[in-house]
Amino acid sequence: MAGGAAELKGPDLTKGVACASVEDGEVLLGHANGEAVVLVKRGESFFAIGATCTHYSGPLAEGLLVGDALHCPWHHAAFDVRTGEPVRAPALNNVPRWKTEVRGENIFVTSKDETPTSRTPPRDAPASMVIIGAGAAGQAAVEALRREGYAGKVTLIGREKEGPVDRPNLSKDYLAGNAPEEWIPLRGPEWYAENKVELVLNNPVTSIDAKGKSVSLADGKKLEFGALILATGADPVRLKLPGSELPHVHLLRTLTDSRSIIAAAKSAKRAVVIGSSFIGLEAAASLRTRGLEVHVVGMDAVPLQKVLGDALGTFVQKLHEEHGVVFHLGTGPKAITADSVELNNGQKLAADLVVMGVGVRPNVELAEKAGLACDNGVVVDEHLQTSAPGIFAAGDIARWPDPHTGKKVRIEHWVVAERQGQAAARNALGMKKRFDAVPFFWSQHYDVPINYIGVGAGWDAVEVSGNIADRNCIVSYRADGKIVACASIYRDKESLELEAAMERDDAKTVERIAKS
Ligand SMILES: Cc1cc2nc3c(=O)[nH]c(=O)nc-3n(C[C@H](O)[C@H](O)[C@H](O)COP(=O)(O)OP(=O)(O)OC[C@H]3O[C@@H](n4cnc5c(N)ncnc54)[C@H](O)[C@@H]3O)c2cc1C
Ligand code: FES
């Protein structure tokens, strides 16, 4: 999915274009000094920023302008057109900002504006911040702290040897052999040095003293904090059945996990993937790309049926079948041996590599031990604060009151984790901003990306607009008559419009777009 630099299209903006050619709220793609640039008009002012998303190089000109933010069509990052800053995950880096100049009837993009944007954090910000969990939410939190101008001590504590990684890539391009390992760390060591973030790795937190405001680490050290952000994520479930601990049975969560599947795939011939979930299916696709014979075992009659419904689930199944994946559905594994997986239906599948993708369990033990309220996750308020003042939670562990559904939800999506990390950081600084982003996730199956927006759990009706087989559709999920979520294939602009409308609680617009 990662693209190269956008090819140059549209006018040379350094030569100027008529001001009248850009309407208020419109985006014009052009270029300046050999770089793709978008020109945007907001009210009477013009702004120009780089046209290539800093996440995976998505084309920002095909995105959606919402207020001052230009949203990327691929995975819904957003950039402030005034500053070039990423205001929404998953992008972490700025796009370049360009100077503009109106001369007579024309608008010109002149040169890059390198002036740093600086902010002063709230005066009563805590003296130090500790973030537990060097993953999506943890990294996003430390980035937000520094972006907000926080100058206090920041410590990010991780359990693995590696710092934060681009986890979604571990089942996709990296596992398939299409992305080099250099792409996987979210940041290199120099970023932590430059931003004065102390990164403590391979040293899990063993306990939290919520009242005394300190954490203890596995090496015996104790760290005091002014505010704490818990972002311990989730661990994959290993089914308890004979043979599930054998060395050729792999889970997939960490870079180490993905590396060891890649190493095993070099000599393996036949893989069985247990679990027809997103991760199981992405792993199946990647192993097919590596030339292995792949069998997927799933309990549901249709893969992903609970999330995507029959029609889209069947399409995903067919897509994998076209790529040679063999499904064994409506059954589960009974036992694993060194060279086979025995199923409940009596079938025996030869396998020299097994990947288990059967869901995750949120890592809430630390929070529970510290006496924080937990109920299918760490319970947080609208500001992502736990039951203990000054302690926040974000990502896969957090169960928050979603203002759009009125329900308490816990969601396991990359973008949600990053956005919550950012929101928790800002609230830890005292900024008191309600977390109200509508959940978004994407999944990639071969050349077909699926974008999903909303909270669909508990849907009771599904409608398809467009044509799933043609890879051009919006599938909407209703609960009690209301559209609560939409999945789409190659309807990126509409997916962004749906996100914006859902965030405004504008059900009428959601209905209109979902039927388009
Ligand atoms: C292979 C794979 C592919 C995925 N693909 C997608 C996708 O395409 N789209 C999508 O939306 N989502 C995807 N997800 C889900 C997404 O990655 C997660 O929702 C997201 O990473 C959650 O972020 P987090 O910060 O809560 O947890 P994590 O990113 O898991 O980070 C938590 C970190 O905390 C550490 N930790 C745990 N306990 C301790 C402790 N006691 N002390 C210190 N550190 C601790 C863990 O080791 C971990 O590194 C994927 C997940 C996987 C595994
Ligand atoms: S490429 Fe823009 S959000 Fe991923």
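# Helix α10, the cores, and the pairs around them

In helix α10, which spans residues 507–514, the residues Thr509, Val510, Ile513 and Ala514 are buried. Here buried means under 20% relative accessible area, exposed means over 50%, and partly exposed lies in between, with a 1.4 Å probe and protein chains only. Helices (H or I, at least four residues) and strands (E, at least two) are DSSP runs, numbered from the N terminus. Viewed down the axis of α10, the buried residues fall within an arc of 130°, so they line one face of the helix; the arc is that of the directions from the helix axis to the C-beta atoms. The face turned away from this buried side carries the exposed residues Lys508 and Arg512. Among the elements that cover the buried residues of α10 are β34 (461–467), β35, β36 (482–489) and α9 (492–503).

This is a predicted model, in which local features need pLDDT of at least 70 and side-chain atom pairs count only at pLDDT 80 or more, while totals for chains, interfaces and linings use all residues. Residues are numbered from 1 along each chain as its sequence is written, chains are lettered from A and ligands numbered from 1 in the order in which they are written, and side-chain values use heavy atoms, with hydrogens and water left out.

The nonpolar interior comes next. In soluble globular proteins, nonpolar side chains tend to be buried together. A nonpolar core is a set of buried Ala, Val, Leu, Ile, Met, Phe, Trp, Tyr and Cys residues joined through side-chain atoms within 4.5 Å. The largest such core in this structure has 76 residues, and those with the most contacts inside it are Met129, Ile131, Ile132, Ile208, Val215, Leu230 and Ile391. Helix α8 (residues 414–428) gives the most to this core, contributing eight residues. Apart from this core lies another, of 45 residues, which includes Tyr174, Ala179, Val273 and Val296.

A search of the whole structure finds six aromatic pairs. Rings of Phe, Tyr and Trp (its six-membered ring) pair if their centres lie within 6.5 Å; planes under 30 degrees apart count as stacked, over 60 as edge-to-face and the rest as tilted. One of the pairs joins Trp191 and Tyr192 edge-to-face, at 5.1 Å centre to centre and 80° between the planes. Trp191 counts as buried because its relative accessibility is 11%, and Tyr192 is likewise buried, with a relative accessible area of 5%. Another pair, Tyr452 and Tyr477, is tilted, with 6.0 Å centre to centre and 40° between the planes. This pair links distant parts of the chain: Tyr452 lies in strand β33 (residues 448–454) and Tyr477 in strand β35 (residues 472–479), 25 residues apart. Tyr452 is buried at 4% relative accessibility, and Tyr477 is buried at 0%.

In one of them, Arg82 is joined to Asp68, with the closest N and O atoms 2.7 Å apart. These partners come from distant parts of the chain, 14 residues apart: Arg82 is in the loop between β7 (78–80) and β8 (86–88), and Asp68 in the loop between β5 (64–66) and β6 (69–71). Arg82 is partly exposed at 40% relative accessibility, as is Asp68 at 26%. Lys306 and Asp300 meet in a salt bridge of 3.0 Å, N to O; Lys306 is exposed at 58%, whereas Asp300 is partly exposed at 24%. Glu494 bridges to Arg491 at 3.4 Å between the closest N and O atoms, and Arg491 is buried at 11% relative accessibility. Salt bridges with shared partners join Arg88, Arg419, Glu499 and Glu503 into one network.

Methods
Contact = heavy atoms within 4.5 Å. Salt bridge = Lys/Arg side-chain N within 4 Å of Asp/Glu carboxyl O.
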